[in-house]
Amino acid sequence: MATNPLTAPRRLALAGVSAIGVTFGFARYGYGLFLPELRDEFGLSVSLVGLIGSATYAGYLAALLLVGALVARFGPRPLVLAGGLSAAVGMGLVALARGPALLVTGLILAGTSSGWAWAPYSDAVDRMVPVGRREQVMGTIAGGTAFAVVVAGPLALLARGTGWRYAWLVFALAALAASAYNARVLPGGSGRKATTSGRPGYRRSALPLLLTAVLYGLVGAVYWSFAVEAVTDAAGTGSATAPLFWSLMGLAGTAGALTGHAIARYGLRRVHAALFAGIAAAVALLGAAPGSLPAVAVSALLYGPCFMAGSGVLAVWSYRVFPERPSAGFTVTVFFLGLGTIAGPALLGAYAEVHGLRAAFLVTAAVAALALVCAPTRSVRAHGRQQGLLPRGADFAP
């Protein structure tokens with residue numbers, strides 16, 4: 001199928017938004033949104049909830065690491081389709097589950113989907129979009145998570161109680177539709193020779209970056225997994241606060257598309273400090289006052305854009321630390337981020353089992369604040385003045 005240079009960027013952007021939306025916004029984060037219903041239905045303890053959350057992130061990380069080697073050989077289409085189909089099948093299993101075993105199987109399978117679908121779009125953008133429009137298209141695709149979160153909130157409001165299964169069926173059907181559209185839009189074949197960028201050498205300037213990646217992954221996984229549970233515990237199961245909170249968080253998160261402009265204007269160090277201060281405050285608000293509507297709203301308004309922008313900060317920072325091997329350097333950064341996502345739900349879930357969710361969120365806020373001391377170094381900032389590129393796939397973090 002011939003590619004029209006005038007319409008290809010728009011079609012690719014729509015394809016990317018749909019795939020990133022269903023794999024991240026539905027398949028990966030839907031677990032946290034419907035956690036109160038899942039706990040009631042299957043009798044899950046808080047510690048078990050944390051272990052399940054960590055398992056879904058482990059599947060995501062495993063898929064992500066495989067994609068780096070496979071995309072150069074097979075191209076973006078089969079990998080994105082693998083992500084869409086694993087999302088559809090996994091969410092379908094969740095909707096049909098009658099016991100914990102099938103539920104966990106579906107959640108883990110759905111959790112791998114975002115790992116498959118994330119990085120291949122950088123290759124697709126390289127092949128289908130003119131140079132001058134690539135950053136714009138990549139930024140649009142990255143917003144798919146926030147848009148899906150906005151949609152998921154009202155759907156959860158309509159499907160409260162026993163209707164949660166219908167919501168997951170809708171999610172699964174959306175994943176199938178996104179997969180079908182991507183099959184039509186994405187190019188087949190690799191389109192380029194496989195290359196290896198080598199292993200980035202050790203350097204001291206990478207330590208703050210990798211520590212920040214671990215903390216960012218840990219805090220984010222805890223918030224996405226337990227925020228709705230904390231709000232629901234405080235507001236009551238029948239309250240509409242939690243779904244509205246979720247939608248507000250997604251709506252605010254669309255501002256994360258401005259991360260590149262903010263870094264260009266204010267510098268990486270200032271943006272890093274502002275984002276992690278915002279994340280720490282958002283998490284602390286849920287620990288201090290999860291039953292207060294103003295506190296919950298402010299938490300959503302802070303967390304949405306700060307978390308969505310955080311991935312962009314890590315991407316730019318990684319490129320500046322590893323300019324000679326950006327893809328390999330970013331893979332290392334994502335690996336450390338993945339370690340945090342795996343550890344977070346399990347550790348804080350076990351802590352919450354003993355001390356309660358409010359205490360767990362306050363501890364998580366303190367962990368987020370630790371990132372403030374892991375600031376980009378002067379040498380990294382100086383390098384940034386001379387560079388304007390991002391590593392492949394950098395704009396597609398959650």
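Helices (H or I, at least four residues) and strands (E, at least two) are DSSP runs, numbered from the N terminus. The structure described here is a predicted model, in which local features need pLDDT of at least 70, side-chain atom pairs count only at pLDDT 80 or more, and totals for chains, interfaces and linings use all residues. Residues are numbered from 1 along each chain as its sequence is written, and side-chain values use heavy atoms, with hydrogens and water left out.

The chain contains 18 helices and zero strands. Confidence is given as pLDDT, the predictor's score for each residue, from 0 to 100. The average pLDDT of the chain is 84, and 87% of the residues score at least 70. Over residues 384-397, pLDDT stays under 50. For this stretch the model has 36 contacts beyond four places in sequence, a contact being a case of heavy atoms within 4.5 Å. Of the contacts in the chain between residues at least 6 apart in sequence, 86% join residues at least 24 apart.

Burial was assigned from relative accessible area: buried means under 20%, exposed over 50%, and partly exposed in between (1.4 Å probe, protein chains only). By this definition, 56% of the 398 residues in the chain are buried.

Helix H3 spans residues 35-42. Its buried residues are Leu-35, Pro-36, Glu-37, Leu-38 and Phe-42. These residues pack against helix H2 (30-33), helix H4 (46-74), helix H6 (100-117), H10 and H11. Glu-37, which lies in H3, counts as buried because its relative accessible area is 16%. Leaving out residues up to four places away in sequence, Glu-37 touches Arg-160, Gly-161 and Trp-164. Just after H3, Gly-43 has a positive phi of about 65 degrees.

Side chains of opposite charge can pair when their charged atoms come close. A salt bridge was defined as a side-chain nitrogen of Lys or Arg within 4 Å of a carboxyl oxygen of Asp or Glu. By this rule the count is two. Arg-39 is partly exposed because its relative accessibility is 22%, whereas Glu-229, at 5%, is buried.

A salt bridge also joins the side chains of Glu-41 and Arg-165, with an N to O distance of 3.0 Å. This pair too links distant parts of the chain: Glu-41 is in H3 and Arg-165 is in helix H10 (residues 164-185), 124 residues apart. With a relative accessible area of 40%, Glu-41 is partly exposed. Arg-165 counts as buried because its relative accessibility is 13%.

Ala-175 is also located in H10. At 0% relative accessibility, Ala-175 counts as buried. The C-alpha atoms of Ala-175 and Ala-87 are 6.3 Å apart, although the two are 88 residues apart in sequence. With neighbours within four places in sequence set aside, Ala-175 is in contact with Val-22, Gly-84, Ala-87, Ala-88 and Met-91.

Helix H11 covers residues 206-235. H11 has 30 residues and reaches 43 Å from its first C-alpha to its last. This is close to the expected 44 Å, where the expected span of a helix is 1.5 Å times one less than its number of residues. H11 bends by about 45 degrees at Phe-226, the bend at a residue being the angle between axes fitted to the seven residues ending there and the seven starting there. Of the 30 residues in H11, 24 are buried, and the helix is mostly covered.

Ala-227 is placed in H11 and is buried, with a relative accessible area of 0%. Beyond its neighbours within four places in sequence, Ala-227 is in contact with Val-222, Phe-245, Leu-286 and Phe-361. Ala-227 and Ala-242 are 15 residues apart along the chain, and their C-alpha atoms are separated by 8.5 Å.

Cysteines were also examined for disulfides, defined as pairs of cysteine sulfur atoms within 2.5 Å. The structure holds zero disulfides. Cys-306 is buried because its relative accessibility is 9%, and Cys-374, at 9%, also counts as buried.
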